[in-house]
Structures are given as C-alpha cells and as structure tokens.
Amino acid sequence: NHLAMAPSTFGWWAGYLSHAHSIQLPILPAPVPMPWCKLLPIDDERYEFHDVYARRVWRGGRIDSSDARARCDEYVRNCSTTLERSAERCAVIAP
C-alpha cells in the first residue's frame with residue numbers, strides 16, 4: 001500500500017505503474033543529466049514530495065505541489081554537472 005521510491009527513472013516507473021495508496025519521493029540536490037523535475041507527477045494525490053534539507057513536504061494534487069517541481073528545478077539549476085563542484089554548490093543552497 002505504500003511505496004518509498006528513489007529519485008531515478010526506475011523508481012519513477014515503479015511509482016507510476018504501482019497501485020500504492022501513498023508514494024514518498026525525495027527531492028535532492030544533485031546534478032541530473034535529464035529533465036527529472038518535469039517528470040514529477042504533481043497532479044497525483046498519492047505522492048508526497050520531501051525536501052529533507054529544507055524540511056518541506058508537498059502533497060501531489062494540491063495547488064502548492066508545483067512548488068515541489070520548482071524546488072527540484074532550483075536544485076538542478078544550482079548544482080554543477082561536474083562531480084568535484086557539485087557537493088560544494090549543492091551544499092550552499094541546502095539550508
């Protein structure tokens with residue numbers, strides 16, 4: 001009935017195809033080589049999006065759920081695509 005998924009395409013498919021009643025998805029600061037944030041199903045009420053660094057939770061299907069996508073975009077935009085700098089740049093934006 002419950003699914004805690006990893007932020008990956010495999011996890012995305014698991015959530016999308018599941019019949020789970022609640023799906024927990026972390027939004028993490030990391031360099032991502034694909035448009036991951038656009039795949040967040042913000043209109044699906046089963047989802048809860050967790051920003052563990054800002055200690056925020058958004059529930060899918062609500063007006064503020066688009067804030068989860070915006071936060072994800074912010075993390076991706078601010079995180080470098082090079083591994084040496086990604087930890088440094090991502091740590092700056094995480095409270």
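View 1. Arg71 is buried, with a relative accessible area of 13%, where buried stands for under 20% relative accessible area, exposed for over 50% and partly exposed for what lies in between (1.4 Å probe, protein chains only). Glu74, by contrast, is partly exposed at a relative accessible area of 27%, and its salt bridge with Arg71 brings the closest N and O atoms to 3.1 Å; a salt bridge here is a side-chain nitrogen of Lys or Arg within 4 Å of a carboxyl oxygen of Asp or Glu. Both residues belong to helix 2, three residues apart, about one turn of the helix, and a network of salt bridges links Asp51, Arg71 and Glu74. Helices (H or I, at least four residues) and strands (E, at least two) are DSSP runs, numbered from the N terminus.

The structure is a predicted model, in which local features need pLDDT of at least 70 and side-chain atom pairs count only at pLDDT 80 or more, while totals for chains, interfaces and linings use all residues. Residues are numbered from 1 along each chain as its sequence is written, and side-chain values use heavy atoms, with hydrogens and water left out.

**View 2. The disulfide between Cys37 and Cys72**. The sulfur atoms of Cys37 and Cys72 lie 2.1 Å apart, and a disulfide is taken as a pair of cysteine sulfur atoms within 2.5 Å. The pair links distant parts of the chain, 35 residues apart, with Cys37 in the loop between strand 2 (22–26) and strand 3 (47–51) and Cys72 in helix 2 (residues 65–78). The torsion about the S-S bond is about -75°, so the disulfide is left-handed. Cys37 is buried at a relative accessible area of 3%, and Cys72 counts as buried at 3% relative accessibility.

**View 3. The salt bridge between Glu48 and Arg59**. The closest N and O atoms of Glu48 and Arg59 are 2.8 Å apart. Because Glu48 lies in strand 3 and Arg59 in strand 4 (residues 56–59), the pair ties together parts that are eleven residues apart in sequence. Arg59 counts as partly exposed, at 27% relative accessibility.

**View 4. The salt bridge between Asp44 and Arg46**. The side chains of Asp44 and Arg46 meet at 3.1 Å, N to O. Asp44 is partly exposed, with a relative accessible area of 21%, whereas Arg46 counts as buried at 19% relative accessibility.
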